[in-house]
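Subject: Structure for you to look through

Dear colleague,

Here is the structure I promised to pass on to you, and below it you will find my notes on what turned up in it. Please keep the model open while you read.

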Amino acid sequence: MPPIKVCIVGSGNWGSAIAKIIGKNIQKSNRFDPVIKMWVFEELINGRKLTEIINQEHENVKYLPGHKLPPNVVAVPDPVEAASGADILIFVIPHQFIPKICDQLVGKVKSGTIGISLIKGVDESPEGLKLISDIIREKLKIEVSVLMGANIANEVAEEKFCETTIGCKNPNSGKIFKELMQTPNFRVSVVDDCDTVEICGALKNIVAVGAGFCDGLGFGDNTKAAVIRLGLMEMIAFSKLFCKGSVAINTFLESCGIADLITTCYGGRNRKVAEAFARGGKTLEELEKELLNGQKLQGPLTSAEVYKILKQKNIVNKFPLFVSVYQICYEGKSVKDFITCLQNHPEHV
């Protein structure tokens with residue numbers, strides 16, 4: 001069998017962290033081609049191209065500073081060139097950019113290529129909910145799995161122990177992904193409940209925004225625990241309504257479910273920006289630029305996409321936490337009213 005070629009589509013904080021894992025694993029394996037191409041959105045850093053810095057210094061100085069990437073990870077500024085000849089495409093870019101990137105790759109992907117999405121978000125279409133894996137699947141006509149979990153990128157890069165969940169319907173692909181990504185400190189579970197795994201990864205960012213509001217308003221751990229519990233209830237209810245297949249409650253006990261929800265509500269960029277927003281004085285856009293060093297805020301955008309779907313189905317009143325986050329972020333509702341949505345949540349009736 002010829003060696004399996006791997007391409008990482010994206011090179012932000014999380015993309016660079018996963019590149020570090022995969023690059024090291026591939027060095028120890030005969031199954032994979034030793035060179036991993038990583039598509040990098042070209043930027044100038046102090047007058048130098050980011051791709052040149054990564055290829056010469058083996059460090060993504062903007063998005064994952066202080067961590068050396070294996071020398072077999074090669075930065076490529078053109079997505080078509082990066083993906084050329086790849087047997088595995090690993091998608092890890094902000095979810096709002098995936099349609100454009102896929103459009104560039106249409107007709108350029110090798111037959112039989114498989115994909116895996118590490119992207120946390122959903123899209124809404126005239127037909128309703130659209131998963132990011134669905135967009136990739138439909139545009140590129142390839143098999144697509146997903147990876148979601150309690151995986152704050154800097155901690156993964158520091159090789160601190162954590163778990164992750166791969167949603168994959170093809171057992172053979174699941175084995176390949178596990179071999180590619182698992183390490184002693186990055187433990188992988190594979191389940192076949194792909195849609196639930198992916199929806200958890202998107203919805204938990206909305207809940208994290210609510211947790212950040214509570215931090216900014218000065219509420220304590222009891223309040224945040226309530227946000228996590230009520231948020232989990234809404235995640236389960238939403239999944240049951242919108243997943244195409246059956247929803248296994250056990251999936252919410254995987255890393256992609258309750259673990260990712262907890263870590264995002266205590267760490268993570270969505271909580272951080274929402275806390276600053278609740279303290280007042282600046283817009284979400286200003287705080288994103290100020291606090292995230294070029295990373296994108298996912299929670300508010302996901303809340304807007306979810307709200308459109310809920311309104312379309314006339315079930316806004318069943319998801320007060322999701323809806324309140326949307327209204328505070330986009331409709332000028334006072335952040336102080338967030339607690340009211342918790343006090344009057346239907347779970348308490």
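Which residues does R269 touch, not counting residues up to four places away in sequence? They are L292, Q295, K296 and L297, where a contact means heavy atoms within 4.5 Å.

Before going further, please note that this is a predicted model, in which local features need pLDDT of at least 70 and side-chain atom pairs count only at pLDDT 80 or more, while totals for chains, interfaces and linings use all residues. Residues are numbered from 1 along each chain as its sequence is written, and side-chain values use heavy atoms, with hydrogens and water left out.

R269 is also one of the residues that UniProt, in an unreviewed entry, lists under "binding site", together with K120 and N270; UniProt positions are in the numbering used here, feature names are shortened, and annotations may be inferred rather than shown by experiment. These residues are spread over 151 residues of sequence, yet they cluster in space, with a largest C-alpha distance of 12.8 Å. K120, R269 and N270 also belong to the lining of the largest pocket. A pocket here is an open set of points on a 1 Å grid over the protein atoms alone, where a 1.4 Å probe fits, with protein on both sides within 12 Å along at least five of seven lines, and lining residues have an atom within 4 Å of a point.

The largest pocket has a volume of about 1300 Å³, a volume being the space filled by probe spheres set on the points, which are joined across faces, edges and corners. Its lining counts 46 residues, and N13, W14, R269, Q295 and K296 lie nearest the centre. Helices α1, α4, α6, α8, α10 and α11 each supply at least two lining residues; helices (H or I, at least four residues) and strands (E, at least two) are DSSP runs, numbered from the N terminus.

Is N270 buried or exposed? N270 is buried, with a relative accessible area of 4%, whereas R269 counts as partly exposed at 27%; buried means under 20%, exposed over 50%, and partly exposed in between, with a 1.4 Å probe and protein chains only. R269 is found in helix α11, residues 269-279, and N270 is found in helix α11 as well.

UniProt's unreviewed entry also lists K204 for "active site". K204 sits in helix α8 and counts as buried at 5% relative accessibility. Leaving out residues up to four places away in sequence, K204 touches K120, M235, D260, L261 and T264.

Strands β6 (residues 88-91) and β7 (residues 114-117) run parallel and are joined by four bridges, and I90 stands opposite I116 in β7.

With best wishes

Note on methods:
Two strands pair if DSSP finds at least two bridges between them.
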